[in-house]
Amino acid sequence: YRTGDLARWRGDGVVEFLGRRDFQVKIRGFRVETGEIEAVLGGHPRITQSVVVVATPPKGRGTEQVLAAYVVLDIPHPPLVVEELRSFLKEHLPDYMIPSAFVFLESIPLNRNGKVDRKALPAVDLSREAFGLVYVAPRNPTEEVLAGIWSQVLHLDKVGVEDNFFDLGGHSLLATQVVSRIRETLGVDLPLRRIFETPTISELALAVETYARPDEPAELRVIRTISREGPLPLSFAQQRLWFMDQLEPGSPFYNIPEAVRLVGKIDVGLLERALNEVIRRHEILRTNFVIRDNTPVQVIAPAMSLPIRVTNLTHLPGDLQEAEVSRLAKEDAGQPFRLQQGPLLRAHLLCLAEDQHVFLLTMHHIIGDDWSVNVLVEEISMLYAAFSAGEPSRLPALPFQYADFAAWQRGYLQGVVLERQASYWKQQLAGCPPLLDLPTDRPRGAVQSYRGVYQTFYLSTDLTRRLHALANQEGASIFMVLLGAFKVLLLRWSGQEDICVGTPIANRNREDIERLIGFFVNTLALRTDLSGEDLSFQKLLRRVRDVCLNAYAHQDLPFEQVVEIAQPERNLSHNPLFQVMFVLQNAPQRGQELPGLRIEPLEAHSGTAKFDLTLFMLEEEGRLGGAFEYATDLFDAGTISRMIEHFTILLEGIVSDPVLPVTRLKLMSDAERQRLIETWNQTESAFPAHLLAHDLFSQQAARTPEAVAAVYQAQRLTYRELDERSNQLAHYLQAQGVGPGQVVGICLERSLELIVGLLGVLKSGAAYLPLDPKYPPDRLAFMLEDAQAPILLTQERLLAKSVLQNLPATITQAVCLDRDWPVIAAYPAGAPACAATPDDLAYVIYTSGSTGRPKGAMIRHIGLTNYLTWCLRAYPLDKGTGTPVHSSISFDLTVTSLYPALLAGKAIYLLPEELGVEALGEFLQTYEDCSLIKITPAHLKLLGEQVPAERAARVAHAFIIGGENLLVDHVDFWQKHAPGTALVNEYGPTETVVGCCVYWAPPRGQSGGVIPIGKPIINTRLYVLDGSLQPVPVGVCGELYIGGVGVGRGYLNRPELTAERFVADPFVAGERLYRTGDRVRWLPDGNLEYL
């Protein structure tokens, strides 16, 4: 048998196939003679020549070969429709012999011998245009997913919903792949035969939805016309809007504005006639809503004529004209309707010139939706064209009206249908977080105002293409990809992993309601779990896809009933279930043309925002664009601009590496990252790092030996006396074996002995452990034992009390600075030799522990010196008489009251313990002109009630406020009555030396809320990071990490806790950061806000 196959023997005795001598080919396993196809093509009356070849798709478009036909027509015009040619071939050839693509040529290239020169044939275009197909975009989520599956299987860039699977090159083997992917993606087990019975996506989508509801009788889905004699019920969606209108009548909140520019001459009479013909066709446009028997019902006017209001703007110059157009469009969009009185639609034509007009259409949401607006404009266009040509309306009669749908819906959502839908939503939304806590620029008000604006943006065509490719690759729709990316953005901005986002769904999953005007749109609550350290976008997309598909399968239950089932926490300040919406505007946009006119869309906005934030996305001309609509009560324009930038960067990262964990995806620009990590942390400044705090004090004592250093009631110490006494104590302690690496306990009431004790311990080289005598005995004993303190400095009256009766065995000596002072005074008054270094400990302060066990924060001398240097440079210590000391030494905020004044030659005033919080108020009744006062916010507010307003300005040059969150309410008295007094919000954990971040409150104050904690002090770095130690952008909440010389050594005897809270600095090699646990965010001006 002579095969016609070309072959050769290999050296190992194996035959290798090389091709054919003739033009027989193998397609999908079938042997095909291309000459047979050419013979059939030649039998077509319009074809004079033809050549059939095998074409191989380009790289990335699959490997399966297809048939392509080159044909020459008898005359080029009229052109031969590909679909007609394909139908002709089907009459004579089996399916596998029908060419997939057709190329029309003027002539077939020939070689010198007059034979077909196949090498000279042009390349075959395997695009959809070559298949002779007109693109119709997917109109609902199911169609979108199916289009993605077909694109993937057929290796096509895009597939329209009216394309025939087999015309695109599909066959039984590929149909099997489609069925398999539908099962994986949509969870529907579809028989293979359905691909052959419903070969277009539009048909297949209906089949998928039918198989997804096997227990639903088919007759339930039939919509029948009802009598107009009795009361006509509202649909569920209409009922919700009617109720909202009763709560807030006269609100433009649910207006739907549409604006188009008409370029060319227009016949206003014909336009009005076309509009009114649409009103005649659609009863809903002639409907208003009234109460009958305590129930809202639809009332349909038998006829209605709507005049088009015309406004002439031709007298205005161009710039004023456009401004007036904008004003009128906004005015029209914001003008409310009265539901009891029709019409609920208005039309307004603005005349700019003889051939320039703007057409404004506004309808109430209760009679339509965005899809309806497209139907309205399209039908007006078609009717205007027909009337212009002197022809009657050619629009087909509608099968039923919206009132019929409303009645059907109420009958449909009962029994098994209602039970299945309600069960899904109850389970899906159980425990849903009541609020998505996005960082806002202002606190949320008690009641929503719904004021809003929007910002637009565009993605590049390349990014758009890559997003579609990712959707096809993962068996998802572009909606799901964009929603998944949006949820990652919300995750990264809010820090929440359980995110519920609302989305409208056209709810037109039936062909017979596609051409109806009415309020069909429903809202779905799409809740997704974004937890998991290794959650990649690829994995997240699968979660999003599952959530979407399940929601689509249960989309018939109106949102208002979903809310009733879920029973979320109700609050007038925000929407229930979700406060953020995502909208992909993919309603069919059919051609809108008027004879002699060009239609250009214009932006129209009602100035409202139904939700905190809504992301709208739309694809036009191969490019995705979007708009963030936002509540202006919550967000500033700059915040939304950053959000847009982050979303765009995030999308780029997703398409570049979809397997990267979503928490590691790049979110901000390199410039913003540099600003957060480097620019705002450029705090390097020279300071006397080699000197310790007591060295700085001794230098000041040498400069002002006779100046008063410390005052307690009638007792005083000069700088010389304080220096000498602390030197004597240091000598004494060293004689007891005290030095660097040891801790000395100090349990003293405020007195001159207290400051002698603190300086004396520092000069000995040891670290001091401040103990509040008011603490419970067990707590004091624990801290002394945990710190392994060999010596306790106290007072005789405290030692006699029960508070110090249970001293641990580690205490070898309790020294009473009042009783034992004659012994101490025998030691030299000169400065002792101190072996402490800047890296040694200055003090250990115990703070509360989460387990109930206090933890000792170890602070180094270098950090204390840096902080005190900052205080001397920044605070008004060159003014006033000094500082009152009124707080417990066991809190590090007292450091600010004690040391800065002593390093500046001022006095410290130690206030009596027995007066408690009243001590400072009592002191300021007789003293004023303080250099600074360190105080908590609550105490500052109390002080404002104790000090007369006329004396407020003379009290102090500065209040250094710390210890808790500072609110405007705390400082408003002082801003009003002491505008010259500095109000400094000083933030800092004990672990990083008192204050590491400061903010000067402006004299005029702010309207309300929290006062920022400011910017880092010298030689301090502040980072706001997420759970992956990645910096978060401006405005986004994160955890504050502190670096620099102020970072303490860790927690005494708590290596595990130290390792947990003191971590390696990812930005500066060899350095450590303290993890505060505090939630903060950067403000645009580089200040931090505590959250």
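Predicted model: local features only at pLDDT ≥ 70, side-chain atom pairs only at ≥ 80, totals over all residues.

**Aromatic rings**

A pair of aromatic rings is described by the distance of the centres and the angle of the planes. Across the whole structure, a search finds 35 aromatic pairs. One of them joins Phe782 and Tyr846 in an edge-to-face arrangement, with 6.4 Å centre to centre and 80° between the planes. Because Phe782 belongs to helix α22 (residues 777–786) and Tyr846 to strand β28 (residues 841–847), this pair ties together parts that are 64 residues apart in sequence. Phe782 counts as partly exposed, at 26% relative accessibility, whereas Tyr846 counts as buried, at 5%.

Ring pairs also link Phe457, Phe479, Phe486, Phe582, Phe628 and Phe647 into a cluster.

| Charged residue | Ring | Distance from ring centre |
|---|---|---|
| Lys610 | Phe253 | 5.5 Å |
| Arg675 | Trp680 | 5.7 Å |

**Helix α2**

Helix α2 spans residues 82–90, and its buried residues are Val82, Leu85, Arg86, Phe88 and Leu89. Viewed down the axis of α2, these residues fall within an arc of 155°, so they line one face of the helix. The buried residues of α2 pack against α1 (34–42), β5 (47–55) and β7 (101–105).

**Strand β18**

In strand β18 (residues 580–584), five of the five residues are buried, so the strand is largely enclosed by the rest of the structure. In a regular strand the side chains alternate between the two faces of the sheet. In β18, Val580, Phe582 and Leu584 point one way, while Met581 and Val583 point the other way. Strand β18 pairs with strand β20 (residues 613–620) in the parallel sense over five bridges, and Val580 stands opposite Leu613 in β20.

**Backbone features**

Most residues other than glycine have a negative phi, and most peptide bonds are trans. The peptide bond from Gly342 to Pro343 is cis, with omega near -5°; Pro343 is found in the loop between α9 (318–334) and β13 (345–353).

Although not a glycine, Glu621 has a positive phi of about 50°. Glu621 is placed in the loop between β20 and β21 (623–631) and counts as exposed, at 83% relative accessibility. Leu1029, also not a glycine, has a positive phi of about 60°. Leu1029 is placed in the loop between β37 (1020–1025) and β38 (1038–1044) and is partly exposed, with a relative accessible area of 28%.

Key: Residues numbered from 1 in each chain as written. Heavy atoms only, no water. Phe/Tyr/Trp six-rings, centres within 6.5 Å; stacked < 30°, edge-to-face > 60°. Helix = DSSP H or I, 4+ residues; strand = E, 2+ residues; numbered from the N terminus. Buried < 20%, exposed > 50% of the residue type's maximum accessible area, 1.4 Å probe, protein only. Lys NZ or Arg CZ within 6 Å of the ring centre and 35° of its normal. Arc of directions from axis to C-beta. Contact = heavy atoms within 4.5 Å. Pairing = 2+ DSSP bridges.
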